[in-house]
Amino acid sequence: MEGKDAVWMRSHCTQSAPMLAGFLLLLAGCQDGQAPTADSFQVRDSAGIEIVESMTPVWDGDGWTVSGTPSLVIGRMGGDERYLFGEVAGAVVLRDGRIAVLDGQSALIRVYTPEGEHIEDWGGQGEGPGEFTSAQTISSYRGDSILVSEFVARRLVIFDDRGRFGRSLVPEMRMSFVTERRARMAEGDRSTVPAESCCRLWGPLRTGAFLLSYPQMVPNEGSGTKRASVTAAIMPDSGGAAQSVGVFGGMTYELGLQGSRSRLQFQPWFNMVPGPDGYFATQGDSYSIDAYDQSASLKRIIRLARAPRTVTDEIKTAYEAGLRERLMAPGAFIEADSPEEMLDMLLAGPYPSHLPTFFQLLVDPEGNLWAGQRPYGAGGAGTSDDDQASEMNEFFVFGADGRHLGVVELATDLQVFQIGTDFILGTLRDELGVGYVHVYRIEK
């Protein structure tokens with residue numbers, strides 16, 4: 001019987017190769033009839049889990065690129081209210097090419113033609129069927145359905161492709177989390193706080209189930225730092241109790257802050273995304289991504305053979321300068337007596353030795369995994385956990401087999417919502433903070 005690596009080799013290259021001792025097989029450049037080289041990537045089997053580690057990308061100066069100019073922009077500074085967005089919370093290109101934009105401020109889904117002409121609005125502010133109070137994300141669901149999540153997974157709302165309300169679900173984990181939190185507060189226990197807001201919808205799986213996560217309730221006493229945990233869970237498409245499928249590293253925080261968010265700089269963030277055959281997860285502290293199947297079994301570990309970036313003095317200086325600029329800007333939100341006091345408070349936490357790695361995961365229709373890396377440094381350091389940096393965004397692209405294909409640079413400050421076969425959909429803000437929906441073409 002052939003070993004797993006030999007089958008993998010034969011199915012991906014034009015020539016077969018014998019399995020090497022220790023379950024290690026050096027593979028590279030099998031694409032387009034190229035002969036394998038020993039320095040591109042490794043595939044090995046460890047207790048039934050495939051480990052794919054890339055040393056160099058497949059693309060060699062001739063990879064995918066994204067146009068610097070958008071092929072479509074939806075949004076205006078003034079005039080027709082159908083093109084004015086209060087807050088672009090999300091957007092998705094539907095199967096027929098229409099573009100559905102979720103405006104969190106107006107609680108509307110605004111629908112446009114592929115050319116950007118307004119068609120109709122769905123939803124509205126309220127508690128009734130098909131209405132929202134705090135819409136947060138929008139994505140495609142099974143068939144032609146559309147899924148909207150309200151803030152911290154308070155409620156999931158499903159529409160058909162014509163905007164007709166289908167059903168809504170309240171994740172049980174959300175109700176349990178709120179109940180526990182209220183009970184602790186009623187008992188006077190204010191020393192135990194959630195490490196992060198509950199809860200998050202990462203998207204629907206191919207089965208129709210929902211991929212969610214919720215944070216650990218942690219004691220907030222003592223001193224020092226602690227990395228809290230995040231529990232991933234899958235809720236059936238019918239709703240009800242979600243099944244825990246794994247515990248991961250979440251946010252690192254300082255003890256004794258009485259419920260405040262962590263003041264540590266450059267936080268690694270836990271991220272997940274549904275995939276063709278399951279889902280992916282990363283803890284954001286190394287160049288490693290785990291791939292799980294629909295039953296939550298770990299099937300593959302995807303790695304880059306590179307160390308995380310060091311936090312240099314240049315990065316610290318750029319970070320602090322960018323933070324100061326934002327705090328001094330007109331209309332900046334200040335939780336202190338002065339911008340200087342706020343700056344001192346935000347910079348009180350220590351710097352880590354290394355920068356976080358991936359801050360966002362996305363999957364395109366061909367099964368390629370896109371892992372975004374936040375840029376830091378002179379000319380555009382990220383200035384807070386919630387802000388996009390102002391350098392070019394870099395996305396590491398991994399093929400369906402886990403190999404690192406290469407890096408794609410995206411438009412400055414682009415918040416990406418969806419990656420299609422030949423397009424990227426996201427939002428950008430102008431200097432006044434007005435949001436616009438952008439579509440960029442991918443050249444392959």
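The following legends describe close-up views of side-chain pairs and contacts in a predicted model.

**View 1. Aromatic pairing of Tyr-319 with Phe-266 and Tyr-351**. The structure holds 17 aromatic pairs. Phe-266 belongs to the loop between strand 19 (243-254) and strand 20 (271-274), whereas Tyr-319 lies in helix 3 (residues 313-328), so the pair ties together parts that are 53 residues apart in sequence. Both Phe-266 and Tyr-319 are buried. Tyr-319 also pairs edge-to-face with Tyr-351, at 6.0 Å centre to centre and with 80° between the planes. This second pair links distant parts of the chain, 32 residues apart: Tyr-319 in helix 3 and Tyr-351 in the loop between helix 4 (339-346) and strand 24 (358-363). Tyr-319 has 6% relative accessibility and therefore counts as buried; Tyr-351, at 22%, counts as partly exposed.

**View 2. An aromatic cluster**. Five named residues are shown: Trp-202, Phe-248, Phe-270, Tyr-279 and Tyr-292 form one aromatic cluster.

**View 3. Arginine side chains over aromatic rings**. Arg-76 lies over the face of Tyr-83, at 4.1 Å from the ring centre. At another site, the ring of Phe-359 has the charged end of Arg-374 over it, 4.9 Å from the ring's centre.

**View 4. The surroundings of Leu-362**. Leu-362 is part of strand 24. Its relative accessibility is 11%, below the 20% limit, so Leu-362 counts as buried. Neighbours within four places in sequence left aside, the residues in contact with Leu-362 are Val-273, Asn-368, Leu-369, Trp-370, Phe-395, Val-416, Phe-417 and Ile-419. Val-273 is 89 residues from Leu-362 in sequence, yet the two C-alpha atoms are 6.2 Å apart in space.

**View 5. The salt bridge between Glu-53 and Arg-44**. The structure holds 19 salt bridges. In the one shown here, the closest N and O atoms of Arg-44 and Glu-53 are 3.8 Å apart. Glu-53 counts as buried because its relative accessibility is 18%, while Arg-44 is partly exposed, with a relative accessible area of 22%.

**View 6. The salt bridge between Arg-154 and Glu-127**. The side chains of these two residues meet at 3.2 Å, N to O. Arg-154 is found in the loop between strand 11 (146-150) and strand 12 (156-159), and Glu-127 in the loop between strand 9 (118-123) and strand 10 (135-140), so the pair ties together parts that are 27 residues apart in sequence. Arg-154 is partly exposed, with a relative accessible area of 28%; Glu-127, at 52%, is exposed.

**View 7. The salt bridge between Arg-441 and Asp-422**. The closest N and O atoms of Arg-441 and Asp-422 are 3.5 Å apart. The pair links distant parts of the chain, 19 residues apart, with Arg-441 in strand 30 (residues 435-443) and Asp-422 in the loop between strand 28 (415-419) and strand 29 (423-429). Arg-441 counts as partly exposed at 35% relative accessibility, and Asp-422 counts as partly exposed at 38%.

Terms used:
Residues numbered from 1 in each chain as written. Predicted model: local features only at pLDDT ≥ 70, side-chain atom pairs only at ≥ 80, totals over all residues. Heavy atoms only, no water. Phe/Tyr/Trp six-rings, centres within 6.5 Å; stacked < 30°, edge-to-face > 60°. Helix = DSSP H or I, 4+ residues; strand = E, 2+ residues; numbered from the N terminus. Buried < 20%, exposed > 50% of the residue type's maximum accessible area, 1.4 Å probe, protein only. Lys NZ or Arg CZ within 6 Å of the ring centre and 35° of its normal. Contact = heavy atoms within 4.5 Å. Salt bridge = Lys/Arg side-chain N within 4 Å of Asp/Glu carboxyl O.
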